[in-house]
Amino acid sequence: MLVAGIGNIFLGDDGFGPEVLRHVPPLLGGGRVRVLDYGIRGMHLAYDLLDGWDALILVDALPGQGSPGRLHVFGADHETLTGSVGLDAHAMDPAAVFAGLAALGGAPPHTVVVGCEVQSVDEWLGLSDAVAAAVPEAVQAIEAVIAQLLTRAAAGGG
């Protein structure tokens with residue numbers, strides 16, 4: 001399983017994914033989980049996904065919908081994602097990453113998003129108070145998703 005933190009730490013709350021990964025325990029999932037901060041390196045993530053992961057957990061900032069700091073956990077629907085097939089090494093839009101993966105001949109694994117609604121993505125270092133307060137909850141959500149996926153795999157559900 002791959003846990004990928006994505007986002008730009010120089011754009012305020014967009015740095016949610018990398019910040020959450022700083023708080024994730026190092027031996028998550030009994031060694032069956034790899035945790036990496038991809039920042040804005042979208043093609044690096046696309047290439048790593050060619051390694052045949054069983055599952056991907058994306059930790060990312062989400063567009064604000066009126067509730068900064070609100071956490072959302074959901075399965076990604078790869079069929080409805082759209083993105084250009086251009087191979088921009090710094091494109092970190094998940095749709096662009098999956099389009100790049102497809103252009104490389106790969107297919108995305110089962111993907112769960114752990115995302116937080118942003119307050120602001122203006123140029124500054126650090127998270128807003130509302131988004132920073134969601135970091136511990138996001139770590140717990142990641143641990144819960146991993147436990148569910150490992151239980152499902154042990155039961156033969158992939």
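User: What makes the largest nonpolar core, and which residues have the most contacts inside it?

Analyst: In this predicted model, the largest nonpolar core has 29 residues, and F16, V20, I57, I142 and I146 have the most contacts inside it. At least two residues each come from α1 (16-21), β3 (55-62), β5 (110-117) and α5 (135-154). The largest share, nine residues, is supplied by α5. Apart from this core lies another, of 15 residues, including L49, L56, L58 and V97.

User: Which residues is V20 in contact with, leaving aside neighbours within four places in sequence?

Analyst: V20 is in contact with V59, V135, A138, V139 and I142. The term contact requires heavy atoms within 4.5 Å.

User: Why is L125 called exposed?

Analyst: The relative accessible area of L125 is 59%. Exposed means over 50%, so L125 is exposed. L125 is found in the loop between β5 and α4 (129-132), and together with I9 and F10 it makes a nonpolar surface patch of about 330 Å².

User: Why is S120 called buried?

Analyst: S120 has a relative accessible area of 15%. The cut-off for buried is under 20%, and therefore S120 is buried. S120 is found in the loop between β5 and α4. Not counting residues up to four places away in sequence, S120 touches L11, G12 and D13.

User: What makes the pair S120 and D122 a polar contact?

Analyst: The side chains of S120 and D122 are joined at 3.0 Å. The cut-off for a pair of N or O atoms is within 3.5 Å, and the value of 3.0 Å meets that cut-off.

How values were computed
Residues numbered from 1 in each chain as written. Predicted model: local features only at pLDDT ≥ 70, side-chain atom pairs only at ≥ 80, totals over all residues. Heavy atoms only, no water. Core = buried A, V, L, I, M, F, W, Y, C linked by side-chain atoms within 4.5 Å. Buried < 20%, exposed > 50% of the residue type's maximum accessible area, 1.4 Å probe, protein only. Helix = DSSP H or I, 4+ residues; strand = E, 2+ residues; numbered from the N terminus. Patch = residues over 30% accessible without salt bridge, like charges linked within 9 Å, V, L, I, M, F, W, Y side chains within 5 Å. Areas by Shrake-Rupley, 256 points an atom, 1.4 Å probe, with all protein chains shown as cover. Salt bridge = Lys/Arg side-chain N within 4 Å of Asp/Glu carboxyl O. Polar contact = N/O pair within 3.5 Å; in protein donor to acceptor, adjacent residues only side chain to side chain.
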